[in-house]
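Thank you all for coming.

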Amino acid sequence: MPEPFPADSVGLVVPKSIHFDEPLPLDGGKTLEDYDLVYETYGELNASRSNAVLVCHALSSDAHAAGYHHVDDRKSGWWETCIGPGKPIDTERFFVVCSNNLGGCKGSTGPMSANPATGRPYGPDFPVVTVKDWTRSQARFSDALGIKQWAAVIGGSLGGMQALQWAIDLPNRLRHAVVIAAAPKLSAQNIAFNEVARQAIRSDPDFYDGRYDEHGVKPLRGLKLARMLGHITYLSDDAMGGKFGRELRDGKFGFGFDVEFQVESYLRHQAEAFAAHFDANTYLLMTKALDYFDPAADYDHNLAKALDHATAKFFVVSFTSDWRFSSARSREIVKALLDDDQDVSYAEIEAHQGHDAFLMPIPHYLDVFKAYMNRVAEVSR
Amino acid sequence: MALRPELEIISEWIAPGSRILDLGCGDGVLLKYLRDTRNVNGYGIEIDDQNVLQCIEAGVNIIQTDLDAGLSEFDADSFDYVVMSQTLQAVHYPDRVLDEMLRVGREGIVTFPNFGHWLARFQLAITGHMPVSNILPYDWYNSPNLHLCTVKDFEQLCTKKNIEILERTVVDQRHKRSLGMRFAPNLLGEIAIYRFRRGKKS
């Protein structure tokens, strides 16, 4: 039978689920009595359990980082570019794990899960979670997998922030932190964009204060608007210009408000596809987790102090056209690490794709990422 | 590991166990050598993608940034030595870079091609062309070198900036030293190598 997937793909993968019944105290003061985490793994854990790599996902992604769920899947996992045999996160060398964060809508316990107190979905009653809550839940997850120390914790965007949080909160449990297209905390502008996205959702008449499920509807208009706004911040002006310019679908103005420009059509299509499979309450939670992320806050708002006791080696990557989390933001992380005399390398990748560049097959990006991971692998055998 | 002879001279000047910053560190060979042989740690700074990649492959700490943008990421006195090999002449503001070197480091070490070498003088004076040689391999129109200087020029700048020169060596393109070079460094030396620090306040 011919191999249906590309040779450098991990191929068919099956998500797994793990249940935790020890209550998890959350930063917000509430407690999750029990919870599930959905995760995927690629590659083989070696005998000394030293080659495990934890991949943290971004705002709206999930545990499906690589490979395919079905033979006829057209779309692969979200980081197929970087995970697979011979790729930067080489599944021939590493045992790669990716879990869906708490509060998500792709299998792990979140607003769509049944609230044990009521037997109905949590909806808006699901507690607001933080990045620190996630690392705490993932520490238990690591214990359950029997992994004392990750060879690396890796992530892009919000996932990169999670990797940073790991290095600060659980210094002995990782040897490397790879922090891509991230920031040490959100700027007022970042928070402002998130707030507009939240208001789009919350002001949708179908939102019903988050209890839309009870009304048998979904706040699709709000969720689509939120996604359109988010999507604009993921791309650069250049990337959008290159892709669509001012191109018109019908070649001429229609003097109305239907879709005319190609970019409008694209945004609507993206939003449509996203809203069909994502939960609005989860979107609200994830943007809050981003807004609250500020690991320096626990250390007199001094990032160098926060990172001082980290023992991991760091690899920080940014992209020149990323304006959501610009290179300057990555350099704040680098500066704090330099102040601490920590081992850190920093690559600034020339790319026109904007924030989304971290998901793209940019040759130099893949080269430096692979070179760094080779170093990680050498001491992980 | 074979080290460029010029880097060998630099590495002899660097005390074991110290911390260095290597500006324009290329493929990271000096950092790797010092780490492996002298327990010297630190960071390299590079702008070129290929060099950054090679540094990562070599496992040395590399920060990709433009030297002309300054060293603002580094606190004052955070290094024992700040090294700049064959790069001073290629930055936009060599004088400011020297200031920055001595702000973040206790001592600075630089190497540069000596434009006062007799062959360079000969080529310009007699043939009327900009000098091209093994150590100045570029044509005027494609050279990365923006601020070529002579041994005398460099020392004059040091005096002006109250920079104290601790050690000076000039070598030829095979990195050999000779008696002649000791007495007429600006005429016979092809590559100049200096170690220096902030001068005492007068």
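With a relative accessibility of 42%, A:Asp341 counts as partly exposed, a class that lies between buried, which is under 20% relative accessible area, and exposed, which is over 50%, with a 1.4 Å probe and protein chains only. A:Asp341 sits in the loop between α9 (327–339) and β12 (344–349) of chain A, where helices (H or I, at least four residues) and strands (E, at least two) are DSSP runs numbered from the N terminus. Although A:Asp341 is not a glycine, its phi is positive, at about 60°.

Before I go on, please keep in mind that this is a predicted model, in which local features need pLDDT of at least 70, side-chain atom pairs count only at pLDDT 80 or more, and totals for chains, interfaces and linings use all residues. Residues are numbered from 1 along each chain as its sequence is written, chains are lettered from A and ligands numbered from 1 in the order in which they are written, and side-chain values use heavy atoms, with hydrogens and water left out.

A:Ser157 likewise has a positive phi, near 60°, in a residue other than glycine. A:Ser157 is found in the loop between β9 (152–156) and α2 (158–169) of chain A, and with a relative accessible area of 7% A:Ser157 is buried.

Let me turn to helix α1 of chain A, which covers residues 131–145 and holds A:Gln138. Is A:Gln138 buried or exposed? A:Gln138 counts as buried, because its relative accessibility is 1%. Leaving aside neighbours within four places in sequence, A:Gln138 is in contact with A:Leu54, A:Cys56, A:Ser99, A:Asn101, A:Gln162 and A:Trp166, where contact means heavy atoms within 4.5 Å. A:Ala139 also has its place in helix α1 of chain A and is buried, with a relative accessible area of 10%. With neighbours within four places again set aside, A:Ala139 is in contact with A:Trp166, A:Leu170 and A:Arg173. A:Ala139 and A:Arg173 are 34 residues apart in sequence, and their C-alpha atoms are 8.4 Å apart in space.

Of the 381 residues in chain A, 57% are buried, and among contacts between residues at least 6 apart in sequence, 70% join residues at least 24 apart.

Chain B has 8 helices and 7 strands. For chain B the radius of gyration is 17 Å, close to the 17 Å from the globule rule for 202 residues, so this chain too is as compact as a globular protein of its length. Buried residues account for 50% of the 202 residues of chain B.

Finally, the pockets. Rolling a probe the size of a water molecule over the atoms shows where empty space is left. A pocket here is an open set of points, on a 1 Å grid over the protein atoms alone, where a 1.4 Å probe fits, with protein on both sides within 12 Å along at least five of seven lines, and lining residues have an atom within 4 Å of a point. How much volume does the largest pocket have? The largest pocket has about 1,300 Å³, a volume being the space filled by probe spheres set on the points, with grid points joined across faces, edges and corners. Of the 37 residues that line the largest pocket, the closest to its centre are A:Lys75, A:Trp78, A:Arg227, A:Gln270 and A:Leu359. α6(A) gives the most to this lining, with 5 residues. A:Lys75 itself belongs to the loop between β5 (52–56) and β6 (83–84) of chain A and counts as exposed, at 70% relative accessibility.

The second largest pocket holds about 730 Å³ of space. Among the 32 residues that line the second largest pocket, those closest to its centre are B:Gly24, B:Ser85, B:Gln86, B:Thr87 and B:Gln89.

Notes. Rg over C-alpha atoms; globule rule 2.2 N^0.38 Å.
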